[in-house]
Amino acid sequence: MMFTRLGLWPTLRCYSSSCRSGRISAILRDKPLHQTIKVNGWVKAIRRQKERTFLDVDDGSCCQKLQVVLPSEKKPPALGFHSSVTVSGILSLSSHKGQEVELVANDVQVIGEPIEETYPFKARKVHPPDYVRQFPHLRARTNSFSSLLRVRSQTKLAIQQYFNSEGFVNIDTPIITVNDCEGGGEVFSVQCLDPDNTGPGKTQDSPYFGQETYLSVSGQLHLEAMVSGLSKVYNFNPAFRAENSQTRRHLAEFWMVEAEEAFLSGTEGLHSLMDRIEGVIKTSMETVIDVQQEDVALYWRNNNKTEELIKNALNQQFVRLPYCEAMKLLQQHSHLFQTKPSPGSNLGKEHELFLTKHLGDVPVFVSDWPRVTKAFYMCSQEEDPEMVLAVDLLLPQVGEVAGGGLREYRVPLLHRRLQQCQLLDKLGWYLDLRRLGGGTPSGGFGFGLERFLQFLLGISNIKDTIPFPRWMNHCLC
Ligand code: 4AD
Ligand code: MG
């Protein structure tokens with residue numbers, strides 16, 4: 001009784017009686033031949049022959065569809081493209097190409113009507129991503145986007161499994177914050193619009209929290225607070241940036257995994273950090289390619305360069321190149337770039353893509369950056385305080401996917417930096433992490449889930465890696 005109310009009964013029943021009601025992925029994997037099976041799903045194709053009608057039924061559990069065969073005279077009149085159905089029948093070997101088994105139906109119930117004329121996607125047609133993107137509320141029904149969603153879900157899981165197995169503690173860093181961690185000024189501010197909710201003694205103009213607050217651009221500083229008690233921490237949060245660009249690799253809301261590890265210092269510490277970034281990228285790629293083989297293959301079929309790039313990345317050590325070496329290479333090929341590379345400045349996307357291509361279509365770590373190109377918290381090198389122990393990971397065809405470095409832990413240096421950036425008032429607590437003793441050199445990085453998915457699946461526009469993309473002037477549903 002209780003199970004029925006909680007909706008658990010159908011799942012239990014499916015493995016305890018002779019009629020299995022299950023997900024298509026499990027049916028196609030286990031192939032329980034000659035058993036009575038019940039499936040719920042959507043009709044993705046109908047082929048009507050004189051005697052028999054064939055349906056491709058999809059329930060979103062995997063890339064493949066289940067072929068259902070029924071006598072043509074038993075086809076319900078309301079059945080059409082994208083009707084939702086419950087089908088019962090006997091699982092049998094299929095004599096048709098393309099599938100090993102099929103469901104010979106003895107009952108097809110139409111649950112939801114077929115789609116209407118105005119439905120934007122046509123049966124058996126592959127629509128271009130720019131078109132599909134106009135319908136974020138409907139695109140989970142397309143083959144390619146449902147594959148993307150399964151891969152995305154599995155990627156998040158694989159990343160978390162990696163950190164868990166390496167002894168990292170997951171920390172929920174806040175979404176509402178008072179700092180702009182990266183100092184780029186690309187923050188969205190948080191306001192309370194309800195005049196009755198401003199609190200005692202407050203006026204409509206005074207902020208809810210008593211000071212300006214923002215949506216977090218990064219949870220790094222909060223992770224740094226936690227690392228001094230836990231040694232290894234990570235978060236996996238949305239991050240928000242009011243980017244003034246409408247590129248194929250920027251979103252206003254994206255998901256970032258950030259890790260922070262204590263007791264990392266000097267050049268050796270920076271190399272440990274690169275090992276860690278390489279570790280999480282390679283391990284999660286291997287897991288996802290293995291677990292979501294068919295979904296990944298669907299993307300790779302359309303872009304066979306991607307498979308080669310992924311195998312390149314998995315089969316060798318990522319290249320490690322100090323910034324000054326990277327700059328020399330870029331200057332030698334200066335004629336290729338719209339923006340000429342200049343020492344002391346950041347790298348643009350064209351420079352990043354050149355480096356990965358030139359070095360053999362491989363991932364490249366660029367390390368040891370000029371201080372002026374990075375945020376206030378980066379640790380200066382002992383030998384040259386104008387250079388910091390920072391690193392960016394560049395991936396072929398995407399560019400920067402991860403950024404991080406060692407943190408400045410020396411109190412006088414950090415104090416001076418905070419003063420220079422006029423951050424002492426707001427970030428006194430951050431200085432306390434070092435000032436109050438027990439401070440530990442630490443290092444960490446953040447990497448963007450959506451850019452990582454772009455690389456893994458060869459997706460050219462970042463907006464096609466997230467269910468509901470937000471970017472300037474665009475916040476559909
Ligand atoms: O290089 P970023 O800005 O580094 C940080 O935020 C550090 N605080 C991380 C840390 O050390 N804990 O951002 C890290 C990554 C980028 O390499 C990129 O993959 C992604 O976040 N990213 C974006 N992805 C999509 N849209 C945007 N607007 C992004 N901005 C950064
Ligand atoms: Mg960066």
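**Stop 1: the α7/α9 crossing**

Select helix α7, residues 266-291, and helix α9, residues 304-315. Their axes come within 10 Å and cross at roughly 130°. The axes are lines fitted to C-alpha atoms, for helices over the stretch in contact, with angles from 0 to 180 degrees between N-to-C directions. α7 and α9 are therefore oblique to each other. The angle classes are: under 35 degrees roughly parallel, over 145 roughly antiparallel, 65 to 115 roughly perpendicular, and the rest oblique. The crossing of α7 and α9 is left-handed. A crossing gets that label if the near helix is turned anticlockwise from the far one by less than a right angle; clockwise makes it right-handed.

This is a predicted model, in which local features need pLDDT of at least 70 and side-chain atom pairs count only at pLDDT 80 or more, while totals for chains, interfaces and linings use all residues. Residues are numbered from 1 along each chain as its sequence is written, chains are lettered from A and ligands numbered from 1 in the order in which they are written, and side-chain values use heavy atoms, with hydrogens and water left out.

**Stop 2: the whole chain**

Zoom out. The chain has 14 helices and 17 strands. These are DSSP runs, numbered from the N terminus: helices are H or I with at least four residues, strands are E with at least two. The C-alpha trace spans about 85 × 65 × 40 Å along its principal axes. Of the 477 residues, 49% are buried. Buried means under 20% relative accessible area, exposed means over 50%, and partly exposed lies in between (1.4 Å probe, protein chains only).

For a distance check, pick K349 and K65. Their C-alpha atoms are 40 Å apart in space, and the two residues are 284 apart in sequence. K349 is in helix α11. K349 counts as partly exposed, at 32% relative accessibility.

**Stop 3: salt bridges**

Side chains of opposite charge can pair when their charged atoms come close. Here a salt bridge is a side-chain nitrogen of Lys or Arg within 4 Å of a carboxyl oxygen of Asp or Glu. The count by this rule is 32.

Select R249 and E352. Their side chains meet in a salt bridge, 2.9 Å from N to O. R249 sits in the loop between β11 (232-240) and β12 (253-262), and E352 in helix α11, so the pair ties together parts 103 residues apart in sequence. Both R249 and E352 are buried.

Next, go back to α7 and pick R276. R276 forms a salt bridge with E261, with the closest N and O atoms 3.1 Å apart. This pair links distant parts of the chain: R276 in helix α7 and E261 in strand β12, 15 residues apart. R276 is buried, at 11% relative accessible area. E261 is buried too, at 13%.

Now select E408 and R410. They form a salt bridge whose closest N and O atoms are 2.7 Å apart. E408 is buried, at 0% relative accessibility. Then select D130, R133, R139 and D464: salt bridges that share partners join them into one network.

**Stop 4: two positive phi angles**

Most residues other than glycine have a negative phi. Pick H34: its phi is near 65°, a positive value. H34 is in the loop between α3 (24-30) and β2 (36-48). Is H34 buried or exposed? H34 is exposed, with a relative accessible area of 62%.

Move to D361, where phi is also positive, near 60°. D361 is in the loop between α11 (349-358) and β14 (364-370). D361 counts as buried, at 11% relative accessibility.

**Stop 5: a nonpolar patch**

Switch to a surface view. Select I175, I176, Y208 and F209, which make a nonpolar surface patch of about 360 Å². Patches use residues with over 30% relative accessible area and no salt bridge; like charges are joined within 9 Å, nonpolar side chains (Val, Leu, Ile, Met, Phe, Trp, Tyr) within 5 Å. Accessible areas come from the Shrake-Rupley method with a 1.4 Å probe; for residues, only the protein chains shown count as cover. Y208 lies in the loop between β9 (189-190) and β10 (213-215). Y208 counts as partly exposed, at 44% relative accessibility.

**Stop 6: after α14**

Finish at N461, in the segment after α14 (449-457). N461 is buried, with a relative accessible area of 6%.
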